[in-house]
Amino acid sequence: MCGICGYLHKDSDKIVNKEVIKRMNDSLVHRGPDQEGFYLNNNVAFGHRRLSIIDLSTGEQPMFNEDKSIVLIFNGEIYNYTELRDELKKLGCNFYTNSDSEVILRAYETWGIECPNRFNGAWSFAIWDDRLQQLFLSRDRIGEKPLFYTYWNDTLVFASEIKAIEKYGVPLEPRPELLELYLFFTNIPGPDTFYKDIFKLKPGHYLLYKNGKYSEHQYWDLPYTEEGRMLKNTKQVYEEFEYLFRDAVKLQMRSDVPYGAFLSGGLDSSSIVALMAEQSSFPI
């Protein structure tokens with residue numbers, strides 16, 4: 001778990017305030033007690049709180065490309081980062097860390113805003129591309145990692161938690177008409193939140209801000225499978241599930257911090273229950 005926050009003034013001559021982004025970032029200290037980092041460039045400000053999980057020594061954020069024209073802040077984990085790093089190296093990318101954060105950076109340099117289609121993981125991230133004067137926000141397919149935003153007083157403000165948006169100075173105006181919806185679903189379906197004009201970036205979506213305008217785009221949806229093409233052989237279903245389950249656990253247990261013991265042998269039912277209980281208590 002980490003925390004990200006930032007804001008972008010529409011007016012390129014309006015300079016950001018470090019005290020403001022520091023105040024926003026401080027409200028997220030519980031998400032990342034290990035390190036803090038900032039990026040300020042004219043009308044753009046980023047803040048990051050880090051909980052060190054992968055590449056403890058060189059994974060600091062914000063993270064930059066060589067000429068510092070692209071900057072990244074990231075919350076989450078890209079599970080297939082080692083495979084992607086190998087692929088990107090073959091395409092000519094150089095790597096200076098062992099972090100999954102740098103994989104996102106190089107993937108964006110290589111594939112642009114299409115890069116989330118390559119990721120297997122849980123993430124929310126922000127990329128500022130100084131060459132294109134473009135802000136790129138992305139959230140993982142299922143929406144495991146949170147990301148909220150608002151456009152207020154000609155400024156786009158975003159953060160992992162609404163409290164950081166409030167620290168920017170955005171007033172929180174409750175929407176009591178959504179209470180019935182919350183009681184029915186036990187959550188507020190995106191893009192809405194309990195507060196007026198503060199939105200969730202929806203799962204499987206990215207937000208692009210350029211030329212003073214922002215737009216939200218869907219990059220992924222749950223694939224539709226025709227009933228006639230579904231597996232019906234019970235043994236085949238069990239074997240396919242076991243393969244996918246093992247593969248998912250192997251990928252998601254990649255970490256430089258030992259928060260659980262990976263079982264390389266057989267997984268009996270008690271081991272699976274214990275593993276799932278441990279993972280459910282690990283903060284996101």
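Here are some exercises on the structure above, each with a worked solution.

This is a predicted model, in which local features need pLDDT of at least 70, side-chain atom pairs count only at pLDDT 80 or more, and totals for chains, interfaces and linings use all residues. Residues are numbered from 1 along each chain as its sequence is written, and side-chain values use heavy atoms, with hydrogens and water left out.

**Exercise 1. The overall picture**

Find how many helices and strands the protein has, and what share of its residues is buried.

Step 1. Helices (H or I, at least four residues) and strands (E, at least two) are DSSP runs, numbered from the N terminus. The protein has 7 helices and 12 strands.

Step 2. Buried means under 20% relative accessible area, exposed over 50%, and partly exposed in between (1.4 Å probe, protein chains only). By that rule, 43% of the 284 residues count as buried.

Step 3. Next comes the surface, with accessible areas from the Shrake-Rupley method with a 1.4 Å probe; for residues, only the protein chains shown count as cover. The protein exposes about 15,000 Å², and carbon and sulfur atoms supply 52% of this area.

Step 4. Finish with contacts (heavy atoms within 4.5 Å). Among those between residues at least 6 apart in sequence, 55% join residues at least 24 apart.

**Exercise 2. One face of a helix**

Work out which residues of helix α2 are buried, and why they line one face.

Step 1. Helix α2 covers residues 81-90, and its buried residues are Tyr81, Leu84, Arg85 and Leu88.

Step 2. Seen down the axis of α2, these residues fall within an arc of 105° (taken from the directions from the helix axis to the C-beta atoms), so they line one face of the helix.

Step 3. Now look for the packing partners: the buried residues of α2 pack against β5 (70-78) and α3 (100-111). Gly92 follows α2 and has a positive phi, near 105°.

**Exercise 3. Salt bridges**

Step 1. A salt bridge is a side-chain nitrogen of Lys or Arg within 4 Å of a carboxyl oxygen of Asp or Glu.

Step 2. Arg49 and Glu36 meet through their side chains at 3.2 Å, N to O. Arg49 is buried at 8% relative accessible area, while Glu36 is partly exposed at 37%.

Step 3. Arg106 is buried at 3%, and Glu109 is partly exposed at 33%.

**Exercise 4. A residue in a loop**

Decide whether Ser160 is buried or exposed, and list what it touches.

Step 1. Ser160 sits in the loop between β9 (155-159) and α4 (162-168).

Step 2. The relative accessible area of Ser160 is 0%, so Ser160 is buried.

Step 3. Leaving out residues up to four places away in sequence, Ser160 touches Cys2, Gly3, Ile4, Arg31, Asn75, Pro146, Leu147 and Phe148.

**Exercise 5. Backbone details**

Locate the cis peptide bonds at Pro62 and Pro191, and the positive phi angles of Asn153 and Asp197.

Step 1. A cis peptide bond joins Gln61 and Pro62, with omega about 5°. Pro62 lies in the loop between β3 and β4 (63-64).

Step 2. The bond from Gly190 to Pro191 is also cis, with omega near 10°. Pro191 is in the loop between α5 and β10 (199-200).

Step 3. Asn153 is not a glycine, yet has a positive phi of about 50°. Asn153 lies in the loop between β8 (148-152) and β9, and counts as exposed at 54%.

Step 4. Asp197, likewise not a glycine, has a positive phi of about 65°. Asp197 is found in the loop between α5 and β10 and is partly exposed at 42%.
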